[in-house]
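Take a look at it first, and then we can go through a few of its features together.

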Amino acid sequence: MTATPTTRSDALAAERSGSPTESSAAPPSAPRRRLRRQRDPDVAAHGGPIWTLVAWIVTLFFFAPVAWMVLTSFHSEADAATNPPSLFAPLTGANYDLLFSRGIRPFLINSATAAIISTLLVLALAVPAAYALSIKPVEKWTDVMFFFLSTKFLPAIAALLPIYLIVKDIGMLDNIWSLVILYTAMNLPIALWMMQSFLAEVPKEILEAAEVDGAGLLRVLWNVVVPVAMPGLAATALICFIFSWNEFMFAVNLTATRSATAPVFLVGFITNEGLFLARLCAAATLVSLPVLIAGFAAQDKLVRGLSLGAVK
Amino acid sequence: MAVTTTAPSRGTAPGAATSSRLPAAARWARRAPLLPALIFTIIVTQVPFIATLIISSLQWNVLRPGERHFVGLSNYGTVFTDKRLRAAVVNTITLTASVVLISLVLGLLLAILLDRRFPGRGLARTLLIAPFLVMPVAAALLWKHALYNPTYGLLNGVLNWIWQLFGADTGPSVDWISSTPMPAVVAALVWQWTPFMMLILLAGLQAQPSDVLEAARVDGAGALKTFRFITLPHLRQYLELSVLLGSIYIVQTFDAVFTITQGGPGTATTNLPYEIYLTMFRKYEYGEAAAAGVVVVVGTIIVATFALRVVSSLFREEARR
């Protein structure tokens, strides 16, 4: 988490240079970068301003619902419910005030608790495991990797019933720790694959040097591996955070009043309040905000995380 | 290049090669860091599936307590003959296939547009990722109420505005969700998943060896020909990866169906996850729900086998380099 500024500044630096996408590709070796430079003006010459216009129109078309959500969240209910839509109605923060007075805070805290603790647990389990799958691999380590991946392929809905029954039996319904455990299991394969691909990039020489000095496993992990793999660790943490924060199915079925998370609040909010569009948009914006920020900050690492480390 | 898994090269590293010849104590020392994650995953993901298998062989409805008994495979008989479940299978396939294919095509077009330099490309990419980052439940609610609402949703609002621009009194008032329920769900999901496809395919486009493109240009190949004969074959594995990862996530769609249509009208948009959810928490037929779950798992294993084959082909590809 502490490396987030690095990732963000990388993204910003890339954006300033006008090629954030390049930073998402593999770090180009010197000769490749030269080739890229030869290619780029050429490609641009093929396109021209028309394609720039097309690209921007399509982009804004895709972004429009998000923009509309944010804009409506600052409108009054009356302005939100006009037809045709009133684009330039006066802005107000009243909807957000209302959300907090209706008690959205505990739901946000529950979401944050489940997402942050499960992310920390995932990292605590995934980093040593990834070490045993990349730096000092166990025998048949690829089989182990694919076992973890295969658990991700199993549809969660098929596990919902037994998990519900077990959680009910041990009296853990409506307990945030049930979600923490489930989110940890849900994200562990992703984190393991990501960390494995990041750790495989740790230079062997440094590791050997540390070993010659007689450093134990924990010391090697903490003093050698973690600093080198820090950007990867931060990206993995962000991906896990995003998936846990957004999770809905387990949250809605395993929690009630005490430990319900933000998406459960959103759904309940609508049925309890009837339909108030501006308020809904404010709630949707608010609960999406942490992930939007995390995602934008980590966008150069997003591809690698989403493809489980296969695409850099 | 961009599709890399540095891991296989580790497979040939001296450490790996000798690991099987290490003494038992040393081998266990190697395994030790792996064990917590492995044991945790086995307990949390495998035990529930064994429980599902057991429950699927029981007649068990919570509303009729005391009638829980072993019925063998009869729940599977119910699953395969149940009309609702068959509709759910069809809906799941329709939903997954349309969302994956449409977002793949749109994602490819966006990736091609973003592959060239243009003013504000970084900002455009950031804005395009946004739909994927909006909380799925929030996105579903946004589409249902802010976009599809027949009286003041944005879609009808824009239609109305255009109609008035051309002098009509009011535009059409379409009830998008009840007149076209499946396309309504598909559109909302396509909007969320297109950025996912775009990101992977853009990484693929940017990993193209530029000397090959240069050679094609020198040889006088046009943009379309270059795309058809050089870019598309190069993109193949990225396309496969997008399709398979996308399918695995979209097959499990629950949030959007739960929020936008509740599976309706009738069973028009009930997919398997939602139908299993209904069987579990509305009909309380635990045995039947478990059997349906097992069928879904078997179906997924079949699809996942292909998925794993693609992922491991990416492995081998890199190992050859």
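Is Val218(B) buried or exposed, and why? Val218(B) counts as exposed because it has 8 C-beta neighbours inside 10 Å. Here, buried means 20 or more other C-beta atoms within 10 Å of a residue's own, exposed means 12 or fewer, and partly exposed lies in between, with C-beta atoms placed from the backbone.

Please keep in mind that this is a predicted model, where local features need pLDDT of at least 70, side-chain atom pairs count only at pLDDT 80 or more, and totals for chains, interfaces and linings use all residues. Residues are numbered from 1 along each chain as its sequence is written, while chains are lettered from A and ligands numbered from 1 in the order in which they are written.

Val218(B) sits in helix H12 of chain B, residues 210–218. Helices (H or I, at least four residues) and strands (E, at least two) are DSSP runs, numbered from the N terminus.

Now for chain A as a whole:

| Feature of chain A | Value |
|---|---|
| Helices | 16 helices |
| Strands | 0 strands |
| Buried residues | 50% of 312 residues |

Finally, the two chains meet where H4(A) (residues 49–73) and H7(B) (residues 121–133) have axes that come within 8 Å and cross at roughly 35°. Such axes are lines fitted to C-alpha atoms, for helices over the stretch in contact, and angles run from 0 to 180 degrees between N-to-C directions.
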